[in-house]
Amino acid sequence: MARFVLTRVSPLPPDVCWERLTDWPRHGDRVPFTRVSAGPGGGRRAGDTIVARTAVGPFRLFDDPMEIVEIAGPAPGRDGVCRLEKRGRPVRGGAELRVRAVTAQGGRSEVTWAEEVVIAGLPGVLDPVVARAGRLVFGRVLDRLLG
C-alpha cells in the first residue's frame, strides 16, 4: 500500500480552506485527463459519493469512486475532517482531509491530506513510486485549491 501525507499552512481562515478543499470538481483541475464530480448530496455528507473519472478524449480509462464515510466542517475548537474510502476496482484505499486553525499564526489554517492507495495489478515493490507520484499530483491539487 502506497502512503503519503501532505501538509500546507494557508493564510486563509479554516472555513474558507474547508470550502475550497471540499469543492470536489476543482480537484480535477490539476489531475491530468481527470474530471471529478459529486453525486447526489453534493459531497457534503456521509454516504455521498465522489467520482474521479480519468479519460482521454472519448476513451474512459477508469473511474475512481469514493464514498464519504465521515465529514464535519471546522468549528471553534474542532478540526474539519473528511474521510473517504475508495470503492473502485482499480484503486482501493482511503484518504483523510483535515483543516485546523493555527491561532498562534493569526487565523491561519493548516491543511493535511493523508492517503493510502492500492492499485490493482501493481506489485507492492512499486509503492514508493506511487507514493511519490501521489505527493506530486495531489500536492499540485492542494496548492491550487488553497491558492
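1. Contact here means heavy atoms within 4.5 Å. On that criterion, and leaving aside neighbours within four places in sequence, Cys82 is in contact with Trp18, Trp24, Ile68, Glu70, Ile71, Ala95, Glu96 and Leu97.

2. This is a predicted model, in which local features need pLDDT of at least 70 and side-chain atom pairs count only at pLDDT 80 or more, while totals for chains, interfaces and linings use all residues. Residues are numbered from 1 along each chain as its sequence is written, and side-chain values use heavy atoms, with hydrogens and water left out.

3. Helices (H or I, at least four residues) and strands (E, at least two) are DSSP runs, numbered from the N terminus.

4. Phe4, Trp113 and Phe138 form one aromatic cluster, where rings of Phe, Tyr and Trp (its six-membered ring) pair if their centres lie within 6.5 Å, and planes under 30 degrees apart count as stacked, over 60 as edge-to-face and the rest as tilted. Phe4 and Phe138 are stacked, at 5.9 Å centre to centre with 10° between the planes; because Phe4 lies in strand S1 and Phe138 in helix H3, this pair ties together parts that are 134 residues apart in sequence. Trp113 and Phe138 form a tilted pair, at 5.1 Å and 35°.
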